[in-house]
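This report describes selected features of one protein chain.

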Amino acid sequence: MGLDRARLTEIADDVWSTLKRRPRLTFLGSCLLVLVISAWGTQRFADSLLSSLPASSVPDSPTPMTEEEIQRQIVEAQRINDELRAHRQAPAYAMEHLESTEAGAAAAILPDGAPGQPPAAIAAPRNPAQPDPNAYVATDEAAEPIYTVRGTYPDIARQAGVEGTVVVQALVGTDGHVRDMRIVRSIPMLNGAALEAVRQWRFKPAATGGKPVAAWVSVPIPFRK
């Protein structure tokens with residue numbers, strides 16, 4: 001049975017009179033109410049904070065590429081290496097032809113009995129552990145990837161609609177680890193992600209005469225939305 005307004009007013013007056021007669025009880029009740037409200041507010045804040053945190057703080061592990069993707073990458077890398085090799089060999093042939101032509105012209109104008117021109121200085125052989133990235137080095141077996149990682153597409157590049165293939169030239173050491181890198185085909189917003197991916201690749205090292213040697217390889221890292 002419900003209470004009418006007069007009865008509720010009477011109860012409220014009785015409670016108020018009791019509280020006025022007992023101020024200590026009023027103070028304790030107020031403190032208890034403040035504590036209850038504070039605890040409730042703290043619980044709500046903690047729930048809100050925890051719900052905004054990620055489920056795990058551990059970074060995502062690299063995603064290995066499938067066998068089909070690896071083969072596609074190998075074919076693309078071989079094509080790029082062939083292009084780079086052609087670009088390197090053409091200037092070398094032109095320079096060699098120019099030097100031989102100049103030497104023949106100089107010999108033609110020398111008087112009889114004059115000493116011949118000294119041969120061009122031969123450059124000291126480079127350390128095979130650090131081959132020149134701009135020079136083609138012949139090997140019996142080329143380096144081949146045995147563990148690959150996809151490039152992590154940066155959110156800012158994805159949102160900006162930037163995509164394409166970054167080509168990284170990597171120096172593969174005799175242990176199959178990447179020892180040095182440089183960008184051959186650059187996409188500024190994607191270069192860092194491409195380098196980070198290639199740094200985790202592992203290779204079967206190149207070999208000459210059955211012994212592993214350090215060699216540069218070109219690695220294309222595609223980024224597609």
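Arg 179 is exposed, because its relative accessible area of 51% lies over the 50% cut-off. The model is a predicted one, and in it Arg 179 forms a salt bridge with Asp 175, with 2.0 Å between the closest N and O atoms. Asp 175 has a relative accessibility of 39% and so counts as partly exposed.

## The other salt bridges

The structure holds three salt bridges. Another of them joins Lys 204 and Glu 141 through their side chains, at 3.9 Å from N to O. This pair connects distant parts of the chain, the two residues being 63 residues apart. Lys 204 belongs to strand S4 (residues 202–204), whereas Glu 141 is in the loop between helix H3 (67–109) and strand S1 (144–147). Lys 204 is partly exposed at 43% relative accessibility, and Glu 141 is partly exposed with a relative accessible area of 41%.

A further salt bridge is formed by Arg 199 and Glu 196, whose closest N and O atoms are 2.8 Å apart. Both residues are in helix H5; because they are three residues apart, about one helical turn separates them. Arg 199 is partly exposed at 42% relative accessibility, and Glu 196 is partly exposed with a relative accessible area of 42%.

## The antiparallel sheet

Three strands form an open sheet in the order S3-S2-S7, with antiparallel pairing. Strands S3 (178–185) and S7 (215–223) stand at the edges; each has a single partner strand, so one side of each is left without a neighbour in the sheet. From one strand to the next, the twist averages 30°.

Strand S2 (residues 164–172) pairs with S3 in the antiparallel sense over six bridges. Within the sheet, Val 167 stands opposite Arg 185 in S3.

## Helix H5 across the sheet

Helix H5 (residues 191–199), which holds the pair Arg 199 and Glu 196, lies across S2, S3 and S7. The helix runs at about 145° to S3.

## A nonpolar surface patch

Leu 8, Ile 11 and Val 15 make a nonpolar surface patch of about 240 Å². One of these residues, Ile 11, is found in helix H1 (residues 5–21). Ile 11 has a relative accessible area of 34% and is therefore partly exposed.

Key: Residues are numbered from 1 along each chain as its sequence is written. This is a predicted model: local features need pLDDT of at least 70, side-chain atom pairs count only at pLDDT 80 or more; totals for chains, interfaces and linings use all residues. Side-chain values use heavy atoms; hydrogens and water are left out. Patches are made of residues with over 30% relative accessible area and no salt bridge: like charges are joined within 9 Å, nonpolar side chains (Val, Leu, Ile, Met, Phe, Trp, Tyr) within 5 Å. Accessible areas come from the Shrake-Rupley method with a 1.4 Å probe; for residues, only the protein chains shown count as cover. A salt bridge is a side-chain nitrogen of Lys or Arg within 4 Å of a carboxyl oxygen of Asp or Glu. Helices (H or I, at least four residues) and strands (E, at least two) are DSSP runs, numbered from the N terminus. Buried means under 20% relative accessible area, exposed over 50%, partly exposed in between (1.4 Å probe, protein chains only). Two strands pair if DSSP finds at least two bridges between them. Axes are lines fitted to C-alpha atoms, for helices over the stretch in contact, and angles run from 0 to 180 degrees between N-to-C directions. Contact means heavy atoms within 4.5 Å.
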